[in-house]
Amino acid sequence: MPMKPITLDEVLQLQVPERIRIVEAIWDSIADTPEALELSDEQKAELDRRLEDLEKNPDGGSPRAEVRDRIWRGK
C-alpha cells in the first residue's frame, strides 16, 4: 500500500533531529544527480575563475576550520 505524502506543516511539527534527517536525505538525493542542476553561464565562468586561481596559488586559501571559526566569530 503506498504511503500518504507528508505535508510541510507535518514536517515542521517534527522534532529538530527528525527534520535534520529529512534535510540530509533530500540533500543526498540532490547530490546523487548533480547533472540535474543547471548552472548559468555566469556561474560557470566564476567556477572556472576560481579553479584557475586555485591552480595558480594552491596555498592561497584558508583551512576550512579557520574559515568556520571566522564565520562563527562574525569576522
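Q: Where do arginine 49 and aspartate 53 lie?
A: Both residues lie in helix 3, which covers residues 41–56. They are four residues apart, about one turn of the helix. Helices here are DSSP runs of H or I with at least four residues, strands are runs of E with at least two, and both are numbered from the N terminus.

Q: Before we go on, what kind of model is this, and how are residues numbered?
A: This is a predicted model, in which local features need pLDDT of at least 70 and side-chain atom pairs count only at pLDDT 80 or more, while totals for chains, interfaces and linings use all residues. Residues are numbered from 1 along each chain as its sequence is written, and side-chain values use heavy atoms, with hydrogens and water left out.

Q: What is the mean pLDDT of the chain?
A: The mean pLDDT of the protein chain is 91, and 99% of its residues reach 70 or more. The term pLDDT stands for the predictor's confidence in each residue, from 0 to 100.

Q: Which residue does glutamate 52 pair with?
A: Glutamate 52 forms a salt bridge with lysine 56, and their closest N and O atoms are 3.0 Å apart. These two residues also lie in helix 3, four residues apart. Lysine 56 is exposed because its relative accessible area is 63%, whereas glutamate 52, at 41%, counts as partly exposed.

Q: How many salt bridges are there in the whole structure?
A: A search of the whole structure finds seven. One of them joins the side chains of arginine 68 and aspartate 69, at 3.3 Å from N to O.

Q: New topic: which residues form the nonpolar patch on the surface?
A: The patch consists of Ile26, Trp27, Ile30 and Leu37, with about 430 Å² of accessible area together. Patches are made of residues with over 30% relative accessible area and no salt bridge; like charges are joined within 9 Å, and nonpolar side chains (Val, Leu, Ile, Met, Phe, Trp, Tyr) within 5 Å. Tryptophan 27 is found in helix 2, residues 16–31, and is exposed because its relative accessible area is 58%.

Q: What does the secondary structure of the chain come to?
A: The protein chain has four helices and zero strands.

Q: And what is its radius of gyration?
A: The protein chain has 19 Å, whereas a compact globule of 75 residues would have a value near 11 Å. The radius is taken over C-alpha atoms, and the globule rule is 2.2 Å times the number of residues to the power 0.38. Buried residues make up 1% of the 75 residues.

Definitions and conventions:
Accessible areas come from the Shrake-Rupley method with a 1.4 Å probe; for residues, only the protein chains shown count as cover. A salt bridge is a side-chain nitrogen of Lys or Arg within 4 Å of a carboxyl oxygen of Asp or Glu. Buried means under 20% relative accessible area, exposed over 50%, partly exposed in between (1.4 Å probe, protein chains only).
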